[in-house]
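Have a look at the structure first, then read on.

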Amino acid sequence: MADTRQRTTWGNRFRFLARALGLLGLLAAISGVVLLWAQFRSADFFTPERLRAAVEGANGQYVQVAAYLAGIGGAAVLLIILIEMLSSLVTGVGRRTAAGTVATIGAVAAVVLLVFVNLISFTHYKRVDCTRDKRFTLPPELAAEFGKLRASAPTTIVVHQTHNFGPLMSTRDSFTKATEAEVTTKVRDLVELFREFGPQFKVVVLDTEAFEYRKDLEELTKDAPELLAAIKAAPENSIFFHANKRVQRLAFNEFMQLDKTASEEADGGRANLVLVPQGIDRFAQRVLTVQERRPKVAVCVVHELLTTAGDDPRNRYTLAGVRKSLTTQGFDVVDVVLKKNWNNARSLSDLKPAADTREESKLERLEGDLDDADALVTSVRAEVRQFEVIRGFVDKVKDRPWEERKAFYQQFVRGTLTEAKEPELLAMLASRLKRAREKLEEAAKAKQEAEKNLAEVMQDERALQDRRMSNVSTKLTKQLADVDLLIIVRHTTEDAMKGPGIEAGLHALSKEQVKVAKEFMKQGKPVLACLGPITPQVASQPGESPEDFDKRLVTEFAGASDDFERMLTERGVELGSTVILFEGETKAITRGGQFGNTQSEVPPLLIAEPPTDSGLQPNPVAAAFRLTGRTAVLESDSDRLANDAAAKRKFEIRLRAIRPVSLAPNWQAKQPFAAEIAFTSADSWNTFQPYPQMGRTVRIPTYTPTDINDPKKGTRDEERKGPFPIAVAVENKVPATWVNEDYERQEATAALLTPYDSTFAMGLTVGASKLERPTQRMVVFGNGNMFTAPKLDPPEEKLLLHSVNWLTNREDRLPRAATEKTPEWHYPRVAMSDRDRILWQGGTLFGLPLLVAALGLFVMLLRRIR
Amino acid sequence: MRATMSLIRREFAAYFTGPIGYVALFSFLVLTGLLFNLALGLLTEKGPRGIENPMQVMLGGAENPVWALVAGVLFWGLFPAVTGIITSRLIAEERGTGTLEALLTAPIRDWQVVIAKFVACFGFYALMWAATLIYVPVLTDLHAEWKGNFTPFAAMLGVGLLFIVFAKICFWFELNGWLALLLGITGLGLAIAGGYCHYTMDSEQVVKLTAGIDANPVFTSYLGIMLAGAMFLALGLLVSSWVKSQLVAWMLSLLLGLCFVLPAVLRWWFEPGSDWYAVAYYLGVPEHFRRDFTRGVIDTRPIVLYVSVTLCCLFLTVRSLEARRLK
């Protein structure tokens, strides 16, 4: 039976039709949008222009159909909504449904209000960080700095995940894996905080293992080649900050550092993940300083072979590893070659001081090569000519009698000649002529090659221009004008058991070069010096007294040391003249191992511990190195046990032939931290005769302590057992004599007057303290080849980087230890015995639900009784 | 007020007189017990594994390890179902059994009916979560030590707790409803203020509590879960007012609840920082917990969403009942 309350009127039919149409339209619109989304996968497509083009078939039939569906469906929906609204309006004004309409309007108003409130909330919100240590809050001063950054100069922050923590954690294990996951999370959290600052920060996360990584990278860097270059050069997981064509990089490790030692020892040996936060300010600093100039480092050496350019693996003197490491850390590196005339030099005195760029030095070498090739061609050509003349004569005399021919041959052949040997002689002459012609051809080719190489280098206008500047002092001053750090490397003895190596005198600087270096330091600019031993090969002669030997030694040393070393001495740096050897080294010689395939093992350097009783602060470079050592995961434990070779990759530095370096006590008192960076182990000893003699007389270096009556006793040159300091970091004011020329004269006068009246000397000291003198930093290593390699090993690289960062006042890049303010991070743990844990597990998983179930059953049973 | 209180009492007691409350509570405790065990495992783990925010595991916000992520998906899949179970019977059952007309003709306003039913189901929901407070000592590595130092703030805390007990007594013994409400609100305020001041301003406490793990994320998580629960319950109540069948009401409330859960899944598709991600975050309740509440952050956006949707749904439920009266 039909429901009489519902009459089928034309109005009802129309309403049904309209609503059915609206529903169909909605379905069509949804289908169209889904089809379009499937094609373009971007919300950007849904613009009127693009949709119009799609309807017109600009994107193919599929898109056209989808656009029609979306368009017509949407239009139908809008039409029906309009009809419904009009209908509601008409019905609503009737008295009968007025109450219902009011209710409907109220409901609609509530929904509209809900949407409105949420729209406001969506754009105007506040986040309150309730965590105990305010983990999700930027320090107010940093927030204020970021607030000042202009939206017109946006900074792009790229979080680049390569799933690699660099050479320090070259082997992935459970610790590195967990570190990566946690640090990535923390970086992303921080990036979220930056997003809150608005459109001036664009944050992009790139993962090399993501499917569309290459596409995303290309899109990001299509107008930023410098960013692409930086990303490609980065050896590890990094965060890049890019603004106005400049890029800064921050490795994940520099943001949070794994303390593997603490991780392994944590929770009573149960292990945990311990990370040392390096401070949000470090991250923020990169953003704020993204447009700062890259610091420039000049590496001064005496020969092109020793420069940082080129990574020919055959060049064992190259400092290419230094360039690689420094460039990756955001430094610009330039080479300065301090000697020239290598092509013509026959002795040290023939070398001339220079301040050449590597290009100039190369130019000079190539010119020398060309001269050599030219000379060779000339000499070979003369030889060919000579043989041709002989052949001409031979041709002339070949029809003459044998005696006549013999007389001719005797002019250039010794011994007895017979007619039977004549063909042999002629063949030999022809062969030598042929060989000479071949040699000429080769020499000509070599000359052509040399000419070509020279022509290529001559294209570099800068090298030619620089060359025109002949004054070394002016040229070096110009070279160092915009340099922030000077590195002086003196590669001398590599292994004392193999001899003295490169002669120390080769590295000696001229007076004008030293003066420029001094001027550089007087500006407060830092210097890193890697000074190898200068001990010459002087053996005591039979019957020679120790005094005579010492006199001879002093004469030999005179040429090895130079004004640069004396300048360091004026800053309190004590450079020993001996060479440090280790016990195993000489034993290996006596066993014959040293000259065999295996080299004796030397103990690793001991990095300075924080001073305990002197009240001095820890050495910043040593402290940083020690902290880094706690991170290193160079090989897994199992590998270490299984493979002895892997054990060599521990985070240690092993050096041979080192020179003692220390800071004078009165200078140490002027700086707040301990100067020594590293020491040799206790089983080391120093000597003036470190080189073995394996000639007619065999002499193996042996430990002979300095005699108690020897004047050297108690001095830095005393021969004794280790440990020896071999590297120092110095920070103090440059001497008063450097800034006031009169001061030196006055000092000498004061020294003379002191026995009678010390007032003048005291006044001079007070005056010196009031002189405005810049504070300058220096790091001096007693080894010249520790950074010599095409690619530095992680320990050497870190020592170099920590030294350079400290020297250039980039302390924010040195690893920091956990402090009370920034404590170490670790996974939270609950100390609980196994029994308690099982009770908690059982109680919560079964006990509590079963209790509720039992209660429920009890209630049910109770209700049944009632 | 008395009628409202009676209705609240009746609705609340109804959960414990039938099986539905026990089934819901049992299932809920099994689920949270499972999540707690996962968190406990991570808190007592060996080696470089663990969880920084244990509440993330409890409320389905952890992404590592994978099984915690799976448990999170399970939690948020079941959450609207559990709230649906709680609310599905509230009005739909009355409509189905025909008692709604009687209720609507009783001397009680529609909004009082809705408020009473909402307070009752919210009370049950709060009770369910109150049972999980047993996990808190482990989740915060809480240690308590009796010190016996009574201070004015400690007294304030004690008085507040006493007022809450009196309010309960008033409620259960059907004394003056306004008095119960006044006592309850005053007691709650005093207890919170006294407790906070006692543990932040007093140098010595009655009971010294030390938490090895930051306890603030626990507070923010419970705040979030209460507000989010209120939203899901209000949605369920609205749906329950539309239909007669409890099953249909449950299914509809599950469907509507999933509208606030599924957007969180979309975050995998959008680049963080994009506008689409912001929309997905705004509507995705699990995302609010993963990013904010379980990590100790309170964001006004989800709070506004929960409160506004709750109020709107309650208003619409009242309108729905009114519309029925007008028919």
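**Where the chains meet**

A:Asp129 has B:Val297 as its bridge partner in β3(B). This belongs to an antiparallel pairing in which three bridges join β1(A) to strand β3 (residues 297-299) of chain B; two strands pair if DSSP finds at least two bridges between them. Strands (E, at least two residues) and helices (H or I, at least four) are DSSP runs, numbered from the N terminus.

This is a predicted model, in which local features need pLDDT of at least 70 and side-chain atom pairs count only at pLDDT 80 or more, while totals for chains, interfaces and linings use all residues; side-chain values use heavy atoms, with hydrogens and water left out. Residues are numbered from 1 along each chain as its sequence is written, and chains are lettered from A and ligands numbered from 1 in the order in which they are written.

**The interface between chain A and chain B**

- Chain A brings 61 residues to the contact and chain B brings 64 residues, where contact means heavy atoms within 4.5 Å.
- About 5300 Å² is buried between the two chains, with 62% of that coming from carbon and sulfur atoms; buried area is the accessible area (1.4 Å probe) that two parts lose on being put together, summed over both.
- Six salt bridges are counted between chain A and chain B, each a side-chain nitrogen of Lys or Arg within 4 Å of a carboxyl oxygen of Asp or Glu.
- One salt bridge links the side chains of A:Asp189 and B:Arg295 (2.9 Å, N to O).
- On the side of chain A that touches chain B, the elements that each supply at least two residues are α4 (98-123), β1 (127-129), α6 (174-195), β3 (201-207) and α30 (834-865).
- The largest share of that side, 15 residues, comes from α30(A).

**An open sheet in chain A**

- Three strands of chain A make an open, antiparallel sheet in the order β6-β7-β23.
- β6 (256-258) and β23 (825-826) of chain A are at the edges with a single partner strand each, so one side of each has no neighbour in the sheet.
- Strand β7 (residues 274-277) of chain A pairs with β23(A) over two bridges, and A:Leu275 lies opposite A:Trp825 in β23(A).

**Confidence**

- Chain A has a mean pLDDT of 83, and 88% of its residues reach 70 or more; pLDDT is the predictor's confidence in each residue, from 0 to 100.
- Over residues 636-648 of chain A, pLDDT stays under 50.
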